[in-house]
Amino acid sequence: DGSDEGSVAPGLRGQIALSMHTTRPPPRYNEASFIREMERQGIGRPSTYAAILSTLRSREYVHVSRQTVRPTIKGLAANKLLEKYFPEMVDTQFTATMEARLDRIAAGEDDKVAFLSSFYLGEEGLKSSVESKRSSIPFSDVCNVHLPPLEGTGMGVRLGPFGPYVVDVAEEAEYLEKLEERMQLKARLEAERGTPPAEEDLPPAPKRKTAPLPQSMADDIDTLDPVMLRTLLESVEGGGMLGEDPDTGLSIFVKFGRYGRYLQLGSNDDPGMRRTSFPESHGPPDLALALELLRLPKQVGTHPNGQPLMLHKAFKTLYIGVGDNPLRKYLKLIDPREVTAEHIEAVIPSEEDLQKALENPKKTTRGRKGPKSKARSTKKSAKAKGGATTAAPRRLTGYNVFVKETLGAAKERGEKMTMSEASAIWKGMSDAQKEAFNARARAAGEAAPQQVA
């Protein structure tokens with residue numbers, strides 16, 4: 001009769017049930033299944049499995065979260081580059097064959113010098129392969145990262161010296177086109193005049209709009225959201241402005257950085273610029289809350305010993321401190337306006353607790369999931385190892401010198417800079433720049449060895 005019922009055989013009516021099936025991608029590896037897969041393909045040996053995973057994590061090629069091994073954006077970019085220009089190096093059969101060859105060397109059945117010389121210095125060895133292809137690899141293949149979740153959205157992610165960042169694909173193409181035109185004009189004028197042209201003879205240099213990608217997204221591409229990436233770009237140009245601080249007249253912005261969302265008072269060039277974290281889990285901030293957070297730390301009372309009780313801002317919460325004492329008493333609050341006298345009285349530390357904190361201070365650092373503390377006492381660790389109760393001082397390094405000077409300079413400028421931000425700058429420096437700091441550290445160590453915290 002043309003209806004749906006008429007198309008079903010009478011004997012099957014009432015026996016057919018509709019169901020929907022969806023295909024799902026295979027689950028990601030955990031550490032155990034990752035090792036089993038390496039073992040199945042003949043990659044590595046039991047003594048090297050842990051070292052392989054440790055290397056992948058330390059170089060930020062993978063991120064292990066919730067017992068799942070996830071490729072990072074940096075790892076995907078490195079893998080894509082190797083697959084395109086050095087496919088033999090990332091072929092599992094090549095790796096398995098090398099492992100078998102190394103086993104023969106360990107058993108004394110092969111010569112290690114001849115093997116390594118052939119592998120590295122041979123006609124088709126690693127050195128000649130890299131040198132022949134290095135100049136032909138375009139820069140775009142190094143920094144561009146192909147991410148399926150962003151296909152067709154107009155948004156892109158690029159890899160820079162300070163980590164991944166977000167771009168608008170159309171705006172990036174326009175920027176590169178204008179930059180190329182300016183460079184060609186500069187080269188033509190220089191050829192005609194014999195000297196480099198002045199800046200006023202050239203069109204203004206094009207500006208490129210980018211935004212750093214939060215670390216949580218860089219570690220897990222499944223969390224990439226085109227709408228959020230667009231918001232990141234808008235926040236760079238003041239799209240996230242909340243209002244003005246009535247005391248200073250500076251604007252207050254909501255921005256996104258490598259470690260998530262934060263509040264900023266003033267522009268980057270303002271001498272009174274300040275920043276404070278404000279994770280996405282706290283919801284959208286309003287102007288009044290932003291003003292309160294940016295005014296911390298502030299005194300909220302006096303301890304019985306006469307020292308001021310200070311309200312401070314941690315990464316995800318507030319805490320009470322007593323003067324310069326390292327002891328922190330955390331509050332389960334994020335809004336300073338909600339802190340009452342009862343909250344403060346409930347966490348006021350005793351004089352005994354303050355004294356213990358001075359005798360056994362803790363090194364508190366900010367992690368991506370909040371503050372974390374590590375006892376700095378060497379006495380307990382030394383006793384556990386059955387050794388002396390004092391640890392030998394560590395040598396001063398170029399990294400220590402750089403971080404100390406960078407954080408000190410930021411403090412003098414009135415800026416707030418974290419150890420993580422200083423470390424990111426260090427990672428992006430050239431080897432020559434790092435060696436200059438290392439030389440200064442060696443000179444300082446020879447003059448007066450120091451103990452480094």
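A salt bridge here is a side-chain nitrogen of Lys or Arg within 4 Å of a carboxyl oxygen of Asp or Glu. By that rule the structure holds 22 salt bridges. Keep in mind that this is a predicted model, where local features need pLDDT of at least 70, side-chain atom pairs count only at pLDDT 80 or more, and totals for chains, interfaces and linings use all residues. Residues are numbered from 1 along each chain as its sequence is written, and side-chain values use heavy atoms, leaving out hydrogens and water.

Let's start with the charges. Side chains of opposite charge can pair when their charged atoms come close. Helices, by the way, are DSSP runs of H or I with at least four residues, while strands are runs of E with at least two, and both are numbered from the N terminus. R57 is partly exposed at 41% relative accessible area, and E31 is partly exposed too, at 30%. The scale calls a residue buried under 20% relative accessible area, exposed over 50% and partly exposed in between, using a 1.4 Å probe and protein chains only.

Stay in helix α1 and you'll find E37 and R40, three residues apart, about one turn of the helix. Their closest N and O atoms are 2.7 Å apart in a salt bridge. E37 is buried, with a relative accessible area of 18%, whereas R40 is exposed at 61%.

Over in helix α13 (residues 351-359), K356 and E352 are four residues apart, about one helical turn. The side chains of K356 and E352 meet in a salt bridge of 3.6 Å, N to O. K356 counts as partly exposed at 48%, and E352 as exposed at 52%. Elsewhere, salt bridges that share partners join R28, R70, D220 and D222 into one network.

Now for the rings. The whole structure has five aromatic pairs, where rings of Phe, Tyr and Trp (its six-membered ring) pair if their centres lie within 6.5 Å; planes under 30 degrees apart count as stacked, over 60 as edge-to-face and the rest as tilted. F94 and F119 are a stacked pair, 6.4 Å centre to centre with 25° between the planes. This pair links distant parts of the chain, from F94 in helix α4 (residues 92-106) to F119 in helix α5 (residues 112-121), 25 residues apart. F94 is partly exposed at 27%, and F119 is partly exposed at 26%. Y319 and Y330 make a tilted pair, 5.5 Å centre to centre and 55° between the planes. Here Y319 belongs to strand β13 (residues 318-322) and Y330 to strand β14 (residues 328-331), eleven residues apart. Y319 is buried at 8%, while Y330 is partly exposed at 36%. Back among the Phe rings, F94, F115 and F119 form one aromatic cluster.

Strands of a sheet pair through backbone hydrogen bonds, either parallel or antiparallel. Four strands form an open antiparallel sheet in the order β11-β12-β13-β14, with two strands counted as paired if DSSP finds at least two bridges between them. The edge strands are β11 (298-302) and β14, each pairing on one side only. Strand β12 (residues 308-313) pairs with β13 over five bridges, and the bridge partner of H312 is Y319 in β13.
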